[in-house]
Amino acid sequence: MAPFNPLLQPVTFLSPSQTPISIPITTIDAFNDESISVSINYAFQLGACTILLLVLLILTPPSKLRRFPTILHIAGLVTCIIRMALLLAFFLSPFNHFYQFWSGDYSSVSKHYFYNSVAGNVFSLLVVLVLETALIHQAWTMVILWPTVVRVSLCVVSAVISLMAIGWRFAFAVIQSKSDVDLVPARNLEWVVKSALILNALSMCWYCTIFNIKLLMHLFANRGILKSRPTLTPVEVLVMTNGILMFVPVIFVGLEWGHFPNFEAASLTQTSVALILPLGTLAAQQMTGGGSMRYISGSNKSGSSYGNKEKVASPITPGGFSSVSTTCGPGTRLQRSMLSNGMAGGRRAKMDHFDLELRQIDSTSGLAEDQVRVDMDLEQKETRI
């Protein structure tokens, strides 16, 4: 006879009809482990979205908070925060208590816990709606200067994919909410849930492809890491983040189809998109505001070095150009564009089609409005030299 193993014994309790229910301890432990790991996952997402939202509100100038892309980024983070809070609330509700879960008797659960579950489904739908809108808007800014036929075709396909993903997610939310209220699994409508997951995966892969095509085309045009300069422009950072970081939600989409104990990847797909889009814009804006002035040594017409140092704009706008604003007097501002590279040597760099395209993206996203002021007296002094 095998020795008694107390870890394998069952826990027995009575159902409302006084029928014995036996649950092995190993099964209970596995359920508790999964609940804790998923709670940590949700708490991590909640914290990441909250921190990035605060950073976005603090670092973004007030004038830029009213822009449509910024509003979408803020809305995506806010809806993600509310969704994760509602999902976390499930693990603190009677739905996750021992007796209710293992007996299936939820008669003692208050109605407002059911409403919390429905609210979680609604905000999951809102997250998809906001993020799909943000993705299609970002895709439009990336292809705005492409040939008309290509641009229109890509936008139509993007709109169709996004609308289908939103529509099926709406159906999924309705089915899931009805199942939560009735406490009856909708097994006959399981195909709707799988279709929603497939369309979500298609949407992530589609936008990842568009952004990376843009990145690859620019890499090919410049024969290297975007530019031969030591400094990247803000829009180049935006192109890189959109292209490279979009692989993250695609990876999570792939993980949704596998079974990994104590790991839930579905919620990470949308949260990663909500974090990636504003993160790239913040990085680009901080490059614009952080490294906007630098000192370099120049040469006079005879070729000898002069001791004065010249304030020039670092490469903060697309195409290697920096928009420099010169103050000539009270109420007067002259704006001119100059090459950020080769100002001392007087060399001009050729601006290709992709530079022009990035300038348009920069103007569309509002990154080009960050300008550098050069003191007029200093400029006049250098002219006299």
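1. The structure under discussion is a predicted model. The remarks that follow should be read with that in mind.

2. **Aromatic pairs.** A search of the whole structure finds 13 aromatic pairs. Phe91 has a relative accessible area of 19%; since buried means under 20%, Phe91 counts as buried.

3. **A pair between two loops.** Phe95 and Tyr106 form another aromatic pair, this one tilted, at 5.4 Å centre to centre and with 50° between the planes. Phe95 belongs to the loop between helix 2 (68-90) and helix 3 (98-103), while Tyr106 belongs to the loop between helix 3 and helix 4 (111-143), so the pair ties together parts that are eleven residues apart in sequence. Both Phe95 and Tyr106 are buried.

4. **The aromatic cluster.** The residues of the two preceding points also belong to a wider group. Tyr42, Phe90, Phe91, Phe95, Tyr106 and Phe114 form one aromatic cluster. Phe114, a member of this cluster, has a charged neighbour as well: Lys111 lies over the face of its ring, at 5.3 Å from the ring centre.

5. **Salt bridges.** Side chains of opposite charge can pair when their charged atoms come close. How many salt bridges are counted here? The count comes to two. In one of them, Lys178 pairs with Asp182, and the closest N and O atoms are 2.9 Å apart. Both residues lie in helix 5 (residues 148-182), four residues apart, which is about one turn of the helix. Lys178 is exposed, with a relative accessible area of 55%, whereas Asp182 is partly exposed at 39%.

6. The side chains of Lys194 and Glu190 meet in a salt bridge with an N to O distance of 3.9 Å. Because Lys194 and Glu190 are four residues apart in helix 6 (residues 190-222), about one helical turn separates them. Lys194 is partly exposed, at 45% relative accessibility. Glu190 is likewise partly exposed, with a relative accessible area of 42%.

7. **One buried face of a helix.** Which residues of helix 8 are buried? In this helix, which covers residues 247-255, Pro249, Phe252 and Val253 are buried. Seen down the axis of helix 8, the buried residues fall within an arc of 105°, so they line one face of the helix.

8. Ile51, Leu54, Val55, Ile58 and Leu59 make a nonpolar surface patch of about 470 Å². Leu54, one of these residues, is placed in helix 1 (residues 25-59). With 49% relative accessibility, Leu54 counts as partly exposed, because exposed requires over 50%.

9. **Positive phi angles.** Most residues other than glycine have a negative phi. Two residues deserve a check on this account. Gln18 has a positive phi near 65° although it is not a glycine. Gln18 lies in the loop between strand 1 (10-14) and strand 2 (20-24), and it is exposed, with a relative accessible area of 63%. Asn262, also not a glycine, has a positive phi of about 65°. Asn262 is found in the loop between helix 8 and helix 9 (266-290), and it is partly exposed, with a relative accessible area of 37%.

10. Where does Gln9 lie? Gln9 is placed in the segment before strand 1 and is partly exposed, at 34% relative accessibility. The C-alpha atoms of Gln9 and Thr26 are separated by 8.5 Å, and these two residues are 17 residues apart along the chain.

Technical notes
Residues are numbered from 1 along each chain as its sequence is written. This is a predicted model: local features need pLDDT of at least 70, side-chain atom pairs count only at pLDDT 80 or more; totals for chains, interfaces and linings use all residues. Side-chain values use heavy atoms; hydrogens and water are left out. Buried means under 20% relative accessible area, exposed over 50%, partly exposed in between (1.4 Å probe, protein chains only). The arc is that of the directions from the helix axis to the C-beta atoms. Patches are made of residues with over 30% relative accessible area and no salt bridge: like charges are joined within 9 Å, nonpolar side chains (Val, Leu, Ile, Met, Phe, Trp, Tyr) within 5 Å. Accessible areas come from the Shrake-Rupley method with a 1.4 Å probe; for residues, only the protein chains shown count as cover. A salt bridge is a side-chain nitrogen of Lys or Arg within 4 Å of a carboxyl oxygen of Asp or Glu. Rings of Phe, Tyr and Trp (its six-membered ring) pair if their centres lie within 6.5 Å; planes under 30 degrees apart count as stacked, over 60 as edge-to-face and the rest as tilted. A charge sits over a ring if NZ of Lys or CZ of Arg is within 6 Å of the ring centre and within 35 degrees of the ring normal.
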